[in-house]
2 protein chains.
Amino acid sequence: MKLYLDCYVCILRQTLFACRQAGVDEEAQNEIFFRVMELLQEADAADPPPKIVTQVQKLIREKTGCEDPYYAVKNSSTALALTLYEDMKKLIESARDPFDTAVRLSIAGNIIDFGPSENFDLQASIQDVLAKPYAIDHVSELKSQIEQAGTILYLADNTGETVFDRLLIEQINKPVLYAVKEAPILNDATIEDALAAGIGEVAEIISSGARSPGTVLDYCSEEFLKLYDSADVIIAKGQGNFEALSNENKNIFFLLQTKCEILARDVGVPNKSIVAKGALVK
Amino acid sequence: MKLYLDCYVCILRQTLFACRQAGVDEEAQNEIFFRVMELLQEADAADPPPKIVTQVQKLIREKTGCEDPYYAVKNSSTALALTLYEDMKKLIESARDPFDTAVRLSIAGNIIDFGPSENFDLQASIQDVLAKPYAIDHVSELKSQIEQAGTILYLADNTGETVFDRLLIEQINKPVLYAVKEAPILNDATIEDALAAGIGEVAEIISSGARSPGTVLDYCSEEFLKLYDSADVIIAKGQGNFEALSNENKNIFFLLQTKCEILARDVGVPNKSIVAKGALVK
């Protein structure tokens, strides 16, 4: 997905949030905000948004001296999600179609996202996603691809959402590589965040090698790219991974909620949809 | 109120909305967006937001060739509000305190605002505003000031909200000067818009002489400023008028909903509050 003008607006809003989370004063916020404006003016609009966000967040880290502005919100997201884990597990186990319910819950958890907004209602998201139809429903194709697959690569998205991913991985019941970010960027999960969610008990956690929101292949490590190339099925969570990988000709299943008009239009669905889209499904 | 960094984000979002309402293509949107970014980089942050919005919207008109990008949304707002007029009038007449109910409804109508957002739910706003307590309640002071006043100046805000203003003016039952904008700016009401709402039947409609959202005194006509200076009571509707006039030492009553965090903080109330604040009330 290319960089739209609306993305510039969103990135500037994100900039203010990150600066304030980093605790810097108004003067520093001002300097950083205007420097980000310049960065946006120089950006290549053909690039996907996660690429420019990577640069913007790097600048914010350098100027604020804060390596992880989202540290506090990430930890509270994991804590919140963990309080729901047991109930959700029971819900899946008693469901008519446990795999579908687990896919839905993993999409419900995708509401925990400090990229497109700073507010979310997790309980409302769970109720909503369990009840509504998919805008794109390739869940049965995902299930059959998983059954045939040797290697499954799961591209993580946000911290806290990780707990919901764990529930889905438990249903997959095959070895899964769970790829997280190399270091903190927005509220994306790192190895530490994945461990806190209990992912270590159900999958092998690896790093993409990149410190970018969404798996921007240009920034990933050689080691990760080999695993990416050889995976039979890739599950890619969230908007960032869709933005970064929507043009890839790979067996990727995008599981996400559309949380902005621009991305929804790019996916080809209404905003606030739930999507389970296989890139190669006709 | 000064220009906050969050206002820059909001103004850029407004820019995209106005360009799209004006119907220009992506290339033109791009050019205008980047020109507005430059304008914001040069802006004086001590100025109130309506001042910079005035310049931004002028630039959009010049670059798009569209004199009134909000023409369509303004007309549909008036049409929508007029469908509710008779029911609201009955509601006021049967209320325990008709003046308070009319003040509340005039504040409910303030949700019709394409400045801070592009979406609003008018019916929900009416239900909400009728039920909830004021965050600042100077309604009895307003009522007693009106009873003593010779000249009452009513500073209009948005088109469609005008219909709700009409209901309040009917309760005032004294001569009222209803000041609108000299020419179209955002969805602010002009003389034509006020007439379409039936304001001509209950008040004398005058122009502020300014084409700015909010009554920016620097941009108002000499003729208007004389009326402003000599008014006994001024009713100022909406966020724009608060932003422009919050530092004035005048007998102004601000009637508004807070629709953004920044303005709410400046007023000193939570966001999504309803406010009836007399500037001189201790």
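Which residues does B:Leu59 touch, not counting residues up to four places away in sequence? Keep that question in mind while we look at the whole model. It is a predicted model.

Start with the two chains. Two copies of a chain are related by a rotation about an axis and a shift along it. Now turn to the interface. Of the interface residues of chain B, 100% are also interface residues in chain A, so the copies meet through the same surface.

Next, take chain A by itself. It has twelve helices and seven strands. Its radius of gyration is 18 Å, close to the 19 Å that the globule rule gives for 282 residues, so chain A is as compact as a globular protein of that length. Picture a box along the principal axes. The C-alpha atoms of chain A fill one of roughly 55 × 40 × 35 Å.

What about the inside of chain A? Of its 282 residues, 59% count as buried. Consider also the contacts in chain A with a separation of 6 or more. Residues 24 or more positions apart account for 71% of them.

The accessible surface of chain A comes to about 11300 Å². Carbon and sulfur atoms hold 48% of that surface. Chain A also carries charge, with 27 positive and 43 negative side chains. The centres of these two sets lie 3 Å apart.

Now back to B:Leu59. This residue is found in helix H3 of chain B, which covers residues 49-64. Apart from residues up to four places away in sequence, B:Leu59 touches B:Ile32, B:Arg35, B:Val36 and B:Leu39. Take B:Arg35 from that list. B:Leu59 and B:Arg35 are 24 residues apart in sequence, and their C-alpha atoms are 8.5 Å apart in space. Is B:Leu59 buried or exposed? Buried means under 20% relative accessible area. B:Leu59 has 10% relative accessibility, so it counts as buried.

Move on to a glycine. B:Gly160 sits in the loop between strand E2 (152-155) and helix H8 (161-172) of chain B. Its relative accessible area is 0%, so B:Gly160 is buried. Which residues does it contact? Leaving aside neighbours within four places in sequence, B:Gly160 is in contact with B:Ser77, B:Thr78, B:Ala81 and B:Ile112. Another pair to find is B:Gly160 and B:Asp188. They are 28 residues apart along the chain, and 9.2 Å separates their C-alpha atoms.

Finally, look at the backbone. Most residues other than glycine have a negative phi. Two residues here have a positive value. One is A:Lys272, with phi near 65 degrees. A:Lys272 lies in the loop between helix H12 (261-267) and strand E7 (274-278) of chain A. The other is B:Leu186, with a positive phi of about 45 degrees. B:Leu186 is also in a loop, between strand E3 (176-180) and helix H9 (191-196) of chain B. Now check their accessibility. A:Lys272 has 62% relative accessibility and counts as exposed, whereas B:Leu186 has 7% and counts as buried.

Technical notes
Residues are numbered from 1 along each chain as its sequence is written. Chains are lettered from A and ligands numbered from 1 in the order in which they are written. This is a predicted model: local features need pLDDT of at least 70, side-chain atom pairs count only at pLDDT 80 or more; totals for chains, interfaces and linings use all residues. Side-chain values use heavy atoms; hydrogens and water are left out. Contact means heavy atoms within 4.5 Å. Helices (H or I, at least four residues) and strands (E, at least two) are DSSP runs, numbered from the N terminus. The radius of gyration is taken over C-alpha atoms; the globule rule is 2.2 Å times the number of residues to the power 0.38. Buried means under 20% relative accessible area, exposed over 50%, partly exposed in between (1.4 Å probe, protein chains only). Accessible areas come from the Shrake-Rupley method with a 1.4 Å probe; for residues, only the protein chains shown count as cover. Lys and Arg count as positive and Asp and Glu as negative; His and the chain ends are not counted. The place of a charge is taken as NZ of Lys, CZ of Arg, CG of Asp or CD of Glu.
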